[in-house]
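These are my notebook entries on a structure that I looked up part by part. Each entry takes up one topic.

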Amino acid sequence: MLQINFIKNNKEEVIKRLAVKNFTDINLIDEIISLDNERKEFQPFLNNAQENLNKLSRELGQLKQKGKEEEFQKNKLRTNFYKIQIEGFNSQLKDLDDRINHKLLLIPNLPHDSVPKGKTPEENEIVREGGKKPLLDQQAFPHWELAKKYDLINFEIGNKVTGSGFPFYKNKGAKLQRALIQYFLDYNNGAGYTEYEPPLMVNEASAYGTGQLPDKEGQMYFINEDKFYLIPTAEVPLTNIYRDEIVKENELPIKLTGYTPCFRREAGSYGKDVRGLNRLHQFDKVEIVQLVYPEKSYTVLEEMVNHVEKLLQNLELPYRILRLCGGDMSFASALTYDFEVYSAAQPKWLEVSSVSNFETFQSNRMKIRFKSADNKMQLVHSLNGSSLALPRIVAALLENNQTKDGINLPKVLHNYFGATEIN
RNA sequence: GGAGAGAUGCCAGAGUGGUUGAAUGGGCCGGUCUCGAAAACCGUUUCCCGAUGAAAUCGGGACGAGGGUUCGAAUCCCUCUCUCUCCGCCA
């Protein structure tokens, strides 16, 4: 959520930058500003009435203590006037606050200067590519065939036991999951990220904090009885650790990592785009989150991009890094880099990570602050990224490294997997 | 799931209707002393909103959250959340 004072002081810039995200509801901005002005005019009236009542109450208290009952009763009547006033002002002010908040929640984060204009994924900017695309035989198999051939993943049982998008990993398929998770976590630990194993369900306040609510309600599984949401990503519990906290300056940067299954309802869409592991309702992911000094967040973003890039290089996968255009970015992000790996038998680029800087958009909602050296309260900047989401990595590993007799695994996984290939 | 107790500042903990944003102790920070440190002593130390920005100052609000009673609530009442103790169930 944007800070209202920033909107007021930089209205033209806000409008200009929101246009990059194809947000053009200028009326909404004007409404917010005029509502906030109204609120500011109103506040003193309430404060005054309160002050008067407080004074009178103190006087009444003294009369009571001195036992001047008659005077007390006489003056007591005067409080009614203020009470009625206060009640009226209060409800109007609350109404204004609610309306302002409600409207503020509808405004997306401002995109960074470097965000390209555009509406569709085709307009994302390719920053760089790396790795080598493999040369596969004509009869190379897509991963869902390979998964069946080597008995790694069983989609049919998943369909029966739960539903589509909930596969069973089996045998070496299950072990590969375990190996990847372990490797990713170790890799993140090595870069100074503190490991957490968070809850897989969160309450409503947490879902608001990271921005899943109010508008993305339909994407999350919901436990009605307890009002819990199944997490769509570890970002939600990890970042919310610090909700409503004032952290010490010397604690920054805070670097967190965690493995969790992720649950996404992702209504609709069947067919070849979602075959096999391409899109699931439940999948495994290792996430990284950082809370940092505002001035350092873009340096940290680059650092995180390099971190993920190195991971893909270690996995020996062909990849490319995209800077998302305004239209493809998420509501809360100021700048997002997507990572895609090339899955050679489909053949297709698959998104495996998304690394974003949210600046103060999340921390303002969550009130994650620190006191700077000059004793000023400041919001931290929050960033997160996947390192990495498993299913599409598995798809690419299987497809790209297939041979006639098996699937070769990259060197970094040999020890974790306990073998050099799947056969 | 049943019964009971509780939630106060960075921490411990007092306060059970009236100048209490909050005693006291500890911690933190600053100072005196010291070559330096410890000890001792002194001082400081919550956050939000508003008064056009900053500082100072002033006003309002916040004692788990939300509502209520009252001229006045940390203190009384209701609902919720969480914690602890005992019992039950349980990987």
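**Entry 1: aromatic rings.** I began with the definition that two rings of Phe, Tyr or Trp pair if their centres lie within 6.5 Å. I note that the model is predicted. With this rule in hand, I found that Tyr183, Phe184, Tyr187 and Tyr416 form one aromatic cluster.

How many aromatic pairs does the structure hold? I recorded 12 aromatic pairs. Phenylalanine 81 and tyrosine 82 form an edge-to-face pair, with 5.4 Å from centre to centre and 65° between the planes. Phenylalanine 81 counts as exposed because its relative accessibility is 53%, whereas tyrosine 82, at 18%, counts as buried.

A further pair, tyrosine 183 with tyrosine 416, is tilted, at 5.6 Å centre to centre and 55° between the planes. I noted that this pair links distant parts of the chain, 233 residues apart. Tyrosine 183 lies in helix α8 (residues 171-190) and tyrosine 416 in helix α14 (residues 411-417). Tyrosine 183 has 7% relative accessibility and therefore counts as buried. Tyrosine 416 has 30%, so it counts as partly exposed.

**Entry 2: charges over rings.** I looked up where the charged end of lysine 133 sits. I found it over the ring of tyrosine 342, 4.2 Å from the ring centre. Likewise, lysine 175 has its charged end over the ring of phenylalanine 417, 6.0 Å from the centre.

**Entry 3: strand β11.** Why is strand β11 (residues 319-323) described as largely enclosed by the rest of the structure? I recorded that five of its five residues are buried, which is the reason for that description. From β11, Tyr319, Ile321 and Arg323 point one way, while Arg320 and Leu322 point the other way.

I next looked up the partners of β11. Strand β1 (residues 125-130) is joined to β11 by five bridges, and the two run antiparallel. Within β11, leucine 322 stands opposite isoleucine 126. Strand β12 (residues 335-343) is also antiparallel to β11, again with five bridges. There, glutamate 340 of β12 is the bridge partner of arginine 320.

**Entry 4: nonpolar cores.** I recalled that nonpolar side chains tend to be buried together in soluble globular proteins. The largest nonpolar core here has 60 residues. The residues with the most contacts inside this core are Leu180, Phe184, Leu315, Leu388, Ile393 and Ile422. Helix α8 gives the largest share of the core, eight residues.

Beyond its neighbours within four places in sequence, isoleucine 422 is in contact with Tyr150, Leu152, Lys172, Leu176, Leu398, Gly406, Ile407, Leu409 and Phe417.

**Entry 5: threonine 257.** Is threonine 257 buried or exposed? I found 0% relative accessibility, so threonine 257 counts as buried. This residue lies in strand β9 (residues 254-263). Its side chain makes a polar contact with the side chain of asparagine 188, at 3.0 Å. Leaving out residues up to four places away in sequence, I listed what threonine 257 touches; among these are Leu185, Asn188, Asn189, Tyr193, Leu238, Val286 and Ile288.

Technical notes:
Residues are numbered from 1 along each chain as its sequence is written. Chains are lettered from A and ligands numbered from 1 in the order in which they are written. This is a predicted model: local features need pLDDT of at least 70, side-chain atom pairs count only at pLDDT 80 or more; totals for chains, interfaces and linings use all residues. Side-chain values use heavy atoms; hydrogens and water are left out. Rings of Phe, Tyr and Trp (its six-membered ring) pair if their centres lie within 6.5 Å; planes under 30 degrees apart count as stacked, over 60 as edge-to-face and the rest as tilted. Buried means under 20% relative accessible area, exposed over 50%, partly exposed in between (1.4 Å probe, protein chains only). Helices (H or I, at least four residues) and strands (E, at least two) are DSSP runs, numbered from the N terminus. A charge sits over a ring if NZ of Lys or CZ of Arg is within 6 Å of the ring centre and within 35 degrees of the ring normal. Two strands pair if DSSP finds at least two bridges between them. A nonpolar core is a set of buried Ala, Val, Leu, Ile, Met, Phe, Trp, Tyr and Cys residues joined through side-chain atoms within 4.5 Å. Contact means heavy atoms within 4.5 Å. A polar contact is a pair of N or O atoms within 3.5 Å; within protein, one must be able to donate a hydrogen and the other to accept it, and residues adjacent in sequence count only if both atoms are side-chain atoms.
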